[in-house]
Amino acid sequence: MESPATPPRREPVALAEALASFAELWSPRIVTTVNDYDVRVARVEGEHVWHTHDHTDEFFLVLDGELSIALREPEGERTVTLSKGSVFTVPRGTEHKPSAPAGASILLFEPTGTMSVGDRHEEVPGHVDATTGHALS
Ligand code: NI
């Protein structure tokens, strides 16, 4: 949470081009920053991993496809489904597992340095990248 702020990108970024520039799944790319937050995009398909961000909310925007997010809340487990153009914020401390059986492209907004698999997580499967986000090439 103490990562230094990265300056915002100095040129516009076309999200479609950014998404087309890599193929890895569940491996977010940082497209720009806002103060001490990253704007990240990711291509996703299949299941991520149950994990929890202890200190930050996590914002999702679905750019294409459909994303489901399973949530373990005090009242029990539920799943929210986000269609293209939908946004949802997972509250800090809420265990969650995103999934996209048919694939999706998503935008994430979260503090720089936030781990994609949270502060606590189940065993990370091989197809999930545990990262604080990669630079766009
Ligand atoms: Ni998360």
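A polar contact of 3.0 Å links the side chains of K97 and E47, where a polar contact is a pair of N or O atoms within 3.5 Å (within protein, one must be able to donate a hydrogen and the other to accept it, and residues adjacent in sequence count only if both atoms are side-chain atoms). The model behind this report is predicted, so local features need pLDDT of at least 70 and side-chain atom pairs count only at pLDDT 80 or more, while totals for chains, interfaces and linings use all residues. Residues are numbered from 1 along each chain as its sequence is written, and side-chain values use heavy atoms, with hydrogens and water left out.

**Around K97**

Let us stay with K97 for a moment. K97 sits in strand β8; strands (E, at least two residues) and helices (H or I, at least four) are DSSP runs, numbered from the N terminus. With a relative accessible area of 16%, K97 is buried. Here buried means under 20% relative accessible area, exposed over 50%, and partly exposed in between, using a 1.4 Å probe and protein chains only. Beyond its neighbours within four places in sequence, K97 is in contact with E47, H48, V49, W50, S68, I69 and A70, a contact being heavy atoms within 4.5 Å.

**The nickel site**

Next comes the metal. H51 (NE2), H53 (NE2), E58 (OE) and H96 (NE2) coordinate the nickel ion at 2.0 to 2.2 Å. Donors are N, O and S atoms within 2.8 Å of the metal (3.2 Å for Na, K and Ca), and because water is not among the atoms, sites may look incomplete. Along the sequence, the donor residues follow the spacing H-x1-H-x4-E-x37-H. Of these residues, H51 and E58 are buried.

The arrangement is irregular because the four donor atoms subtend angles of 84 to 168° around the nickel ion. For comparison, four donors count as tetrahedral if all angles lie between 85 and 135 degrees; four count as square planar and six as octahedral if opposite donors are over 155 degrees apart and all others between 65 and 115, and anything else is irregular.

**Strand pairing**

Two strands pair if DSSP finds at least two bridges between them. Strand β1 (residues 29-34) runs antiparallel to strand β2 (residues 37-47), with five bridges joining them.

V39, in strand β2, has F109 as its bridge partner in β8. At 12% relative accessibility, V39 is buried. Apart from neighbours within four places in sequence, the contacts of V39 are R29, I30, V31, T32, V34, L107, L108 and F109. L63, by comparison, is 24 residues from V39 in sequence and 13 Å from it in space, C-alpha to C-alpha.

Elsewhere, β5 and strand β6 (residues 76-82) pair in the antiparallel sense over seven bridges. L67 has L82 as its bridge partner in β6, and a hairpin of two residues joins β5 to β6.

**Salt bridges**

A salt bridge is a side-chain nitrogen of Lys or Arg within 4 Å of a carboxyl oxygen of Asp or Glu. By this rule the count comes to 11 salt bridges, and the table gives some of them.

| Pair | N to O distance |
|---|---|
| D38 and R40 | 3.1 Å |
| R120 and D54 | 2.7 Å |
| R72 and E95 | 3.1 Å |

R120 forms its salt bridge with D54. R120 lies in strand β9 (residues 120-121) and D54 in the loop between β3 (51-52) and β4 (58-65), so the pair ties together parts that are 66 residues apart in sequence. R120 is partly exposed at 46% relative accessibility, and D54 is partly exposed too, at 29%.

R72 and E95 meet in a salt bridge as well. This pair links distant parts of the chain, with R72 in strand β5 (residues 67-73) and E95 in strand β8 (residues 95-111), 23 residues apart. R72 is partly exposed at 32% relative accessibility, and E95 is partly exposed with a relative accessible area of 23%. Salt bridges that share partners join R72, E77, E95 and E122 into one network.
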